[in-house]
Amino acid sequence: MRLAGGAAERYGGLVADGPLVHNRQVVEYLSSLNIGPDGDETLPFLIRAHGIPPDELERRRSGGRVIVDATCPHISRNQTLVREAAAGGARVVLAG
């Protein structure tokens, strides 16, 4: 929330691929900061806590778009572990 709020203040808003949280009051507050799924495509793109696939990240970055990455550190670490394991030939199964 702090990361998104600070970035929205800096850039005048953010566009995400969905709501940051599942709480109506917080979503309304974020909307007042111009943070949400509907917005000017020239605004920076906010990566939510669950992250996005690498190809989606590259698509969002194309054309020099600013990316604000709010991916949870635990998610980022798991993504790194999976990439490393797969590069080493391991078959990876994620559950949960």
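**The sheet and its helix cover**

A: Ala 16 stands opposite Leu 46 in strand 3. The model is a predicted one. Strand 1, residues 14-16, and strand 3, residues 45-47, are paired in the parallel sense over two bridges.

The sheet as a whole is open and made of four strands, in the order 2-1-3-4, with parallel pairing. Strand 2 (35-36) and strand 4 (67-69) are at the edges; each has a single partner strand, so one side of each is left without a neighbour in the sheet.

Helix 1, residues 2-11, lies across strand 1, strand 2, strand 3 and strand 4, and runs at about 165 degrees to strand 4. Which residues of helix 1 are buried? They are Ala 4, Gly 5, Ala 7 and Ala 8. The buried residues of this helix pack against strand 1, strand 2, strand 3 and strand 4. After helix 1 comes Gly 12, with a positive phi near 85 degrees.

As for the setting, the protein has four helices and four strands, and from the N terminus on its elements run α-β-α-β-β-α-β-α. Of the contacts between residues at least 6 apart in sequence, 51% join residues at least 24 apart. Buried residues account for 24% of the 96 residues. The protein exposes about 6,800 Å², and carbon and sulfur atoms supply 53% of that area. Its C-alpha atoms fill a box of roughly 45 × 30 × 20 Å along the principal axes.

Terms used:
Residues are numbered from 1 along each chain as its sequence is written. This is a predicted model: local features need pLDDT of at least 70, side-chain atom pairs count only at pLDDT 80 or more; totals for chains, interfaces and linings use all residues. Side-chain values use heavy atoms; hydrogens and water are left out. Two strands pair if DSSP finds at least two bridges between them. Contact means heavy atoms within 4.5 Å. Axes are lines fitted to C-alpha atoms, for helices over the stretch in contact, and angles run from 0 to 180 degrees between N-to-C directions. Buried means under 20% relative accessible area, exposed over 50%, partly exposed in between (1.4 Å probe, protein chains only). Accessible areas come from the Shrake-Rupley method with a 1.4 Å probe; for residues, only the protein chains shown count as cover.
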